[in-house]
Amino acid sequence: MSQQDGATCHTARATIDLLKDTFGDRLISPFGPVNWPPRSCDLTPLDYLLWGYVKSLVYADKPQTLDHLEDTSHRVIADIRPQMLEKVIENWTSRLD
């Protein structure tokens, strides 16, 4: 498997070579034998929405220390409403169709 975010450190030749050596024909990557489509239904709601949502709110607060980052992360996650999660699951299940 490979990271699917396109970050240079995940797609560098040395990284891909290491992953190919380690995982062989099981490497899932645009640079490996198994290409994982960018809009794969295998992605969970956490992958395609919630982490980006949480990150945007956490970093809007510009945390300056690890404690501040942790406190803000806990607060943002605690503030997620059940209705939002229900909508995320609805959208995800429709993507499976």
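User: Which residues does Thr-72 touch, not counting residues up to four places away in sequence?
Analyst: Thr-72 touches Val-58 and Asp-61, where contact means heavy atoms within 4.5 Å. This is a predicted model, in which local features need pLDDT of at least 70 and side-chain atom pairs count only at pLDDT 80 or more, while totals for chains, interfaces and linings use all residues. Residues are numbered from 1 along each chain as its sequence is written, and side-chain values use heavy atoms, with hydrogens and water left out.

User: Why is Thr-72 called buried?
Analyst: Thr-72, in helix H4, has a relative accessible area of 3%. Buried means under 20%, exposed over 50% and partly exposed in between (1.4 Å probe, protein chains only), so Thr-72 is buried.

User: What makes Lys-62 exposed?
Analyst: Its relative accessible area is 58%, so Lys-62 counts as exposed. Lys-62 sits in the loop between H3 and helix H4 (66-78); helices are DSSP runs of H or I with at least four residues, strands are runs of E with at least two, and both are numbered from the N terminus.

User: Why is Leu-49 called partly exposed?
Analyst: The relative accessible area of Leu-49, a residue of helix H3 (residues 45-60), is 30%, so Leu-49 is partly exposed.

User: Which residues make the nonpolar surface patch?
Analyst: Leu-49, Tyr-53 and Leu-57 make a patch of about 220 Å². Nonpolar side chains (Val, Leu, Ile, Met, Phe, Trp, Tyr) are joined within 5 Å, like charges within 9 Å. Accessible areas come from the Shrake-Rupley method with a 1.4 Å probe; for residues, only the protein chains shown count as cover.

User: What makes up the largest nonpolar core?
Analyst: It has five residues: Leu-50, Val-54, Val-58, Val-76 and Ile-80. H3 gives the most to this core, with three residues. A nonpolar core is a set of buried Ala, Val, Leu, Ile, Met, Phe, Trp, Tyr and Cys residues joined through side-chain atoms within 4.5 Å. Ile-80 touches Leu-50, Tyr-53, Val-54 and Leu-85, not counting residues up to four places away in sequence.

User: How many helices and strands does the protein have?
Analyst: There are five helices and zero strands. Buried residues make up 16% of the 97 residues.

Terms used. Patch = residues over 30% accessible without salt bridge, like charges linked within 9 Å, V, L, I, M, F, W, Y side chains within 5 Å. Salt bridge = Lys/Arg side-chain N within 4 Å of Asp/Glu carboxyl O.
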